[in-house]
Amino acid sequence: MRKKVTVSSLFVMKEKKEKIVALTAYDYPFAKMVDESGIHIILVGDSLGMMVQGESTTLPVTMDQAIYHTRIVSKAAQYAMVVGDMPFLSYQTGKRDAIANAGRFLKETGASAVKLEGGAAVSETIKAITKASIPVQAHIGLTPQSVHQMGGFKVQRDEERLINDALEVEKAGAFSVVLEGIPPQISAKITSALKIPTIGIGAGPDCDGQILVLHDLVGINDGHLPKFVKQYAQLRKTALAAMEEYVKEVQSGDFPSEEHCYKP
Ligand code: KIV
């Protein structure tokens, strides 16, 4: 059996220049597949709001919902490290709330780390949570919880601010940092300036690892896809075709046939 991925194994991977692969998941059957595939980190992202709950932003996701989904994902993860994503307003309201909510992920779900959004502005919060022995993954650049402040989901190009944010979250004790929506040249500079691994999404090839949203990768949702997404499958198409076939067969009387009926 493979040894479970830990914070230390991620540092070793950075040192050896082995790429770290991360993906989101929100439920047991998909988390089981993600884990079996050899992916190193499963993030139970607050993208839950947009991928599973039909919301237009991540803001409505609550702590209880995040805990519920992280717990079922953790049950499936034998190999991958599970990271719980701290929802909007679960850490911005003060260090005490931040430690208590981050602690819930470790106490109640089996996750071994949490992720939160923000750079220098949240460095004191990161310090407080890591002091409580809870590993923190930071997230800078395009931070979806700040969608209204950013005026939309926009690529971030302020190099000086981004590099400062990255250095500050590392100094505060983050074990890793997600770089989202950043031009590759800036991500490359950040990656070589940091000792902790950078995990990119829409941040080019030079990060220490990559993360994608599960539903984008396997093609579950219809509608707009960001430029950085590569769809490796078209599950929506396949599932929809199966459902349409089922409708036809029930209406025509072809299903259930004898092979799907119990013997007298
Ligand atoms: O919530 C999420 O899925 C994320 C990733 C996009 C990094 O934060």
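Is the crossing of H4 and H5 left-handed or right-handed? The crossing of H4 and H5 is right-handed, meaning that the near helix is turned clockwise from the far one by less than a right angle.

Some housekeeping. This is a predicted model, where local features need pLDDT of at least 70 and side-chain atom pairs count only at pLDDT 80 or more, while totals for chains, interfaces and linings use all residues. Residues are numbered from 1 along each chain as its sequence is written, and side-chain values use heavy atoms, with hydrogens and water left out.

Back to the pair. Helix H4 covers residues 63–76 and helix H5 residues 95–109; their axes come within 9 Å and cross at roughly 35°. Helices here are DSSP runs (H or I, at least four residues), numbered from the N terminus. Axes are lines fitted to C-alpha atoms over the stretch in contact, with angles from 0 to 180 degrees between N-to-C directions. The contact (heavy atoms within 4.5 Å) includes Ile-67 and Arg-71 of H4 and Arg-104 and Phe-105 of H5.

Now the ligand. Residues around the ligand, with a heavy atom within 4 Å, include Thr-24, Lys-115 and His-139. Polar side-chain atoms lie 3.0 Å from a ligand oxygen in Asp-46 and 2.5 Å in Ser-47. For Asp-85, a side-chain N or O atom is 3.2 Å from a ligand oxygen.

Definitions and conventions. A polar contact is a pair of N or O atoms within 3.5 Å; within protein, one must be able to donate a hydrogen and the other to accept it, and residues adjacent in sequence count only if both atoms are side-chain atoms. Helices (H or I, at least four residues) and strands (E, at least two) are DSSP runs, numbered from the N terminus.
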